[in-house]
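This report describes the fold, the surface and the charged side-chain contacts of the model shown below.

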Amino acid sequence: VKGKAADAKDAAGKKVDDAKDAAGKKVDEVKGKAADAKDAAGKKVDDAKDAAGKKVDEVKGKAADAKDAATKKAEEVKNQASSKVDEVKGKAADLKNQAVAKGEELKKSVGDAYESAKDAAGKKIDELKGKASEAN
């Protein structure tokens, strides 16, 4: 009887050990699945971060391009306006020079006419003086 009891005890011990091993394997299996799930979730988070970062970079790039285009357009408009101002200033200077030249020309013309009239008057006076002295 003692032998059968020892065999039964050994058999029961083996069943407990088998149950412990099976439970340990199940625990390891669950731990492995949990670790895999954690890794997968971490990868998804990293992928989402990367995608968001790329989108941010893309938006920043577009904003920089838009700013550059606006700056370039502003420079073009400024240069066109500056050219127009220079053109108008040049025309104004030309008109001023023409007016000054015309004024000088008129002044000379009036001066010449005055001198000519003075000379004619002087000759006429001399002529009249000559006739007056002959009449005396």
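## Overall architecture

The chain has 1 helix and 0 strands, where helices (H or I, at least four residues) and strands (E, at least two) are DSSP runs numbered from the N terminus. The radius of gyration of the chain is 58 Å, well over the 14 Å that the globule rule gives for 136 residues, so the chain is more spread out than a compact globule. The radius is taken over C-alpha atoms, and the globule rule is 2.2 Å times the number of residues to the power 0.38. Along its principal axes, the C-alpha trace spans about 200 × 10 × 5 Å.

This is a predicted model, in which local features need pLDDT of at least 70 and side-chain atom pairs count only at pLDDT 80 or more, while totals for chains, interfaces and linings use all residues. Residues are numbered from 1 along each chain as its sequence is written, and side-chain values use heavy atoms, with hydrogens and water left out.

## Surface and charge

Of the 136 residues of the chain, 0% count as buried. Buried here means under 20% relative accessible area, exposed means over 50%, and partly exposed lies in between (1.4 Å probe, protein chains only). The accessible surface of the chain comes to about 12000 Å², and 60% of that area belongs to carbon and sulfur atoms; the areas come from the Shrake-Rupley method with a 1.4 Å probe, and for residues only the protein chains shown count as cover.

The chain carries 34 positive and 29 negative side chains, with the centres of the two sets 6 Å apart. In this count Lys and Arg are positive and Asp and Glu negative, while His and the chain ends are not counted. Each charge is placed at NZ of Lys, CZ of Arg, CG of Asp or CD of Glu.

## Salt bridges

A search of the whole structure finds 14 salt bridges, each defined as a side-chain nitrogen of Lys or Arg within 4 Å of a carboxyl oxygen of Asp or Glu. The table lists some of them.

| Pair | N to O distance |
|---|---|
| Lys73 and Glu76 | 3.9 Å |
| Lys102 and Glu105 | 3.8 Å |
| Glu127 and Lys131 | 3.8 Å |

Lys73 and Glu76 are separated by about one helical turn because they are 3 residues apart in helix α1. At 35% relative accessibility, Glu76 counts as partly exposed.

Lys102 and Glu105 also both lie in helix α1, 3 residues apart, which is about one turn of the helix. Lys102 counts as partly exposed at 48% relative accessibility, and Glu105 is likewise partly exposed at 49%.

Glu127 and Lys131 are 4 residues apart in helix α1, about one turn of the helix. Glu127 has a relative accessibility of 41% and therefore counts as partly exposed. Elsewhere, salt bridges that share partners join Lys26, Glu29 and Lys33 into one network.

## Separations along the helix

The C-alpha atoms of Glu29 and Ala48, 19 residues apart along the chain, are separated by 28 Å. Lys102 and Asn79 are 23 residues apart in sequence and 34 Å apart in space, C-alpha to C-alpha. Ser133 and Val110 are 23 residues apart along the chain, and their C-alpha atoms are separated by 34 Å. Over a separation of 81 residues, Lys123 and Gly42 lie 120 Å apart, C-alpha to C-alpha.

Lys123 is located in helix α1 and, at 61% relative accessibility, counts as exposed. Ser133 is also in helix α1, which comprises residues 2–135. A polar atom of the Ser133 side chain lies 2.9 Å from the backbone oxygen of Gly130.

Terms used: A polar contact is a pair of N or O atoms within 3.5 Å; within protein, one must be able to donate a hydrogen and the other to accept it, and residues adjacent in sequence count only if both atoms are side-chain atoms.
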